[in-house]
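The structure comes first and the description follows.

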Amino acid sequence: MSRRSLRNALVLSAALAVAATATACAEKVGSGGDTQAGGQITFKEFGFLTTCTHLPYAPFQFTEGDKTVGFDVDLVDLVAQNLGVQQKIFDTPFEGIESGESLNTGQCDVAAAAMTITPTRQSVMDFSVGYFDANQALLVKKGSGIDSLEKLRGKKLGVQQGTTGEDYANQNKAQYGYEVVQFEDLALEQSAVKTGQIDAGINDNAVHYEFLKTNPDVEVTTEFKTGEQYGVAVRKGNGALLAKVNEVINAAKADGRYDAIYQKWFNRLPESK
């Protein structure tokens with residue numbers, strides 16, 4: 001074989017290998033609400049739907065034994081099962097998730113981290129339909145008497161970095177005169193309330209109520225009606241995967257699987273879907 005023929009054969013072989021790999025990592029999707037429905041879904045890792053999240057954030061995602069479990073995990077499992085793959089959890093700082101960096105740099109296929117849909121986040125990633133309603137809540141030591149932001153004047157309010165709770169605290173700190181103290185994750189914020197490092201902690205209501213189950217020395221004294229909704233996020237422009245996520249969430253709400261997951265983690269049915 002001449003050098004030219006050998007070179008052409010090698011180029012053809014490489015091209016076929018790339019095409020085979022692309023085909024192996026792609027999954028056809030059914031109809032959905034997005035214009036790219038029916039297109040190709042590619043995965044970060046063959047056979048897996050990789051989900052970016054930040055642990056712990058019980059009951060949405062947290063470690064139990066050697067597994068990551070929770071409401072969000074069960075919901076995204078439905079998507080993975082529909083696609084014929086397994087879900088793989090990738091634990092990463094929440095700031096990278098909510099900024100869109102984790103998706104844009106290819107760390108994961110979807111992000112499911114009890115993440116509120118906001119205009120700022122929508123500018124850097126695409127969100128599914130809302131799947132959970134949330135408000136902000138104030139966690140304090142039992143008997144502290146702190147039941148409003150006004151009573152935090154001159155005191156310390158803990159927040160989790162990158163969250164809507166942090167946004168809410170910063171929007172109101174000038175009016176109410178408290179100090180905002182940042183924590184990298186929810187567990188550190190809640191622990192700081194328990195140990196008296198801070199006077200209160202603000203975060204999503206569901207996670208604070210979950211914390212009360214095993215920590216009787218703290219309480220939630222008030223909620224702030226912020227009217228938030230969580231969404232599953234994909235990389236900006238990834239319409240095929242977004243359509244599949246929406247299709248599965250909507251189907252689960254219609255056929256009772258969503259209610260079953262909600263009942264499992266919150267011991268009640270959702271007020272709305």
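The largest pocket is lined by 27 residues, and those nearest its centre are Phe132, Asp133, Asn205, Tyr262 and Arg268. A pocket is an open set of points on a 1 Å grid over the protein atoms alone, with protein on both sides within 12 Å along at least five of seven lines; lining residues have an atom within 4 Å of a point. The volume of the largest pocket is about 480 Å³, a volume being the space filled by probe spheres set on grid points that are joined across faces, edges and corners. Strand S9 (132–141), helix H8 (205–212), strand S13 (218–230) and helix H10 (257–266) each contribute at least two residues to this lining. S13 gives the most, with five residues. Divided by class, the lining has ten nonpolar, seven polar and ten charged residues. Nonpolar here covers Ala, Val, Leu, Ile, Met, Phe, Trp, Tyr, Cys and Pro, charged covers Asp, Glu, Lys and Arg, and the others, Gly among them, count as polar.

The model is predicted: local features need pLDDT of at least 70 and side-chain atom pairs count only at pLDDT 80 or more, while totals for chains, interfaces and linings use all residues. Residues are numbered from 1 along each chain as its sequence is written, and side-chain values use heavy atoms, with hydrogens and water left out.

**Chain as a whole**

The secondary structure of the protein chain comes to ten helices and 14 strands; helices (H or I, at least four residues) and strands (E, at least two) are DSSP runs, numbered from the N terminus. Of the 273 residues in the chain, 47% count as buried. Buried means under 20% relative accessible area, exposed over 50%, and partly exposed in between (1.4 Å probe, protein chains only). The accessible surface is about 13100 Å², and 51% of this belongs to carbon and sulfur atoms. Accessible areas come from the Shrake-Rupley method with a 1.4 Å probe, and for residues only the protein chains shown count as cover. Among contacts (heavy atoms within 4.5 Å) between residues at least 6 apart in sequence, 68% join residues at least 24 apart.

**Cavities**

A search of the whole structure finds two cavities of 30 Å³ or more. A cavity is a set of grid points where a 1.4 Å probe fits but cannot get out. The largest cavity has a volume of about 110 Å³. Its lining has 14 residues, of which Tyr57, Phe94, Ala113, Ala114 and Thr163 are the closest to its centre. By class, five residues of this lining are nonpolar, seven polar and two charged.

The second largest cavity has a volume of about 30 Å³. Its lining consists of Thr51, Thr53, Gln61, Asp72, Val73, Val76, Gln87, Ile89 and Ala112. S3, helix H2 (71–83) and strand S6 (86–91) each give two or more of these residues, and H2 gives the most, with three. The lining of the second largest cavity divides into four nonpolar, four polar and one charged residue.

**Disulfide**

The structure holds one disulfide, the term meaning a pair of cysteine sulfur atoms within 2.5 Å. Cys52 and Cys108 form this bond, with their sulfur atoms 2.2 Å apart. The pair links distant parts of the chain, 56 residues apart: Cys52 is in strand S3 (residues 48–53), and Cys108 is in the loop between helix H4 (101–104) and strand S7 (110–111). The torsion about the S-S bond is about -105 degrees, so the disulfide is left-handed. Cys52 counts as buried because its relative accessibility is 0%, and Cys108 is also buried, at 6%.

**Backbone features**

Most residues other than glycine have a negative phi, and most peptide bonds are trans. The table lists exceptions in this model.

| Site | Feature | Value |
|---|---|---|
| Leu55 to Pro56 | cis peptide bond | omega near -5 degrees |
| Ala58 to Pro59 | cis peptide bond | omega about 5 degrees |
| Ala114 | positive phi | phi near 45 degrees |
| Asn267 | positive phi | phi about 55 degrees |

Pro56 lies in the loop between S3 and strand S4 (62–64), and Pro59 is found in the loop between S3 and S4. Ala114 belongs to the loop between S7 and helix H5 (119–122) and is buried, with a relative accessible area of 5%. Asn267 is in the segment after H10 and counts as exposed, at 65% relative accessibility.
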